[in-house]
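Have the sequence handy as you read.

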Amino acid sequence: MNVVDRLEREQMRLDIPDFRSGDTVKVHIKIREGEKERIQVFQGIVIAKRKGGLRSTFTVRKVSYGIGVEKVFPLHSPSIDKIEIVQRGKVRRSRLYYLRKLKGKAARVKVRRYN
């Protein structure tokens, strides 16, 4: 095994739940403001997930006051406190970029009933 791969594997997080595109998640982010640290929750639909070992990321989209907001989170970042799965979505694509053009009820994702 390569030395770089071994170092990456040591730094990977093991407490990440198994989620995929279409799932609604709550991402608890640690935010530092001066000396204080607080946790902010960002809830939305996972529209993309990039795999790449330690460099893997996922994109979460929500609509806040009528404006679409997207954030890209590094999956193994220490600034992420935890990830909660709120609802499982039933989609047939791995990248849901088409949701950017849709509004209201058209932008909903069906719920996956089975596990």
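## The largest pocket

Strand β3 supplies three residues to the lining of the largest pocket, the largest share. Two or more lining residues come from each of β2 (36–50), β3 (57–64) and β4 (67–74); strands here are DSSP runs of E, at least two residues long, and helices are runs of H or I of at least four, numbered from the N terminus.

This is a predicted model, where local features need pLDDT of at least 70 and side-chain atom pairs 80 or more, while totals for chains, interfaces and linings use all residues. Residues are numbered from 1 along each chain, and side-chain values use heavy atoms, without hydrogens or water.

## What lines it

In all, 16 residues line the largest pocket, and Arg61, Val63, Leu99, Leu102 and Ala107 lie nearest its centre. A pocket is an open set of points on a 1 Å grid over the protein atoms alone, where a 1.4 Å probe fits, with protein on both sides within 12 Å along at least five of seven lines; lining residues have an atom within 4 Å of a point.

## His76, in a loop

His76 sits in the loop between β4 and β5 (80–87). Is His76 buried or exposed? His76 is buried, because its relative accessible area is 14% and buried means under 20% (exposed is over 50%, partly exposed in between, with a 1.4 Å probe and protein chains only).

Beyond neighbours within four places in sequence, the contacts of His76 (heavy atoms within 4.5 Å) include Met12, Ile16 and Leu54.
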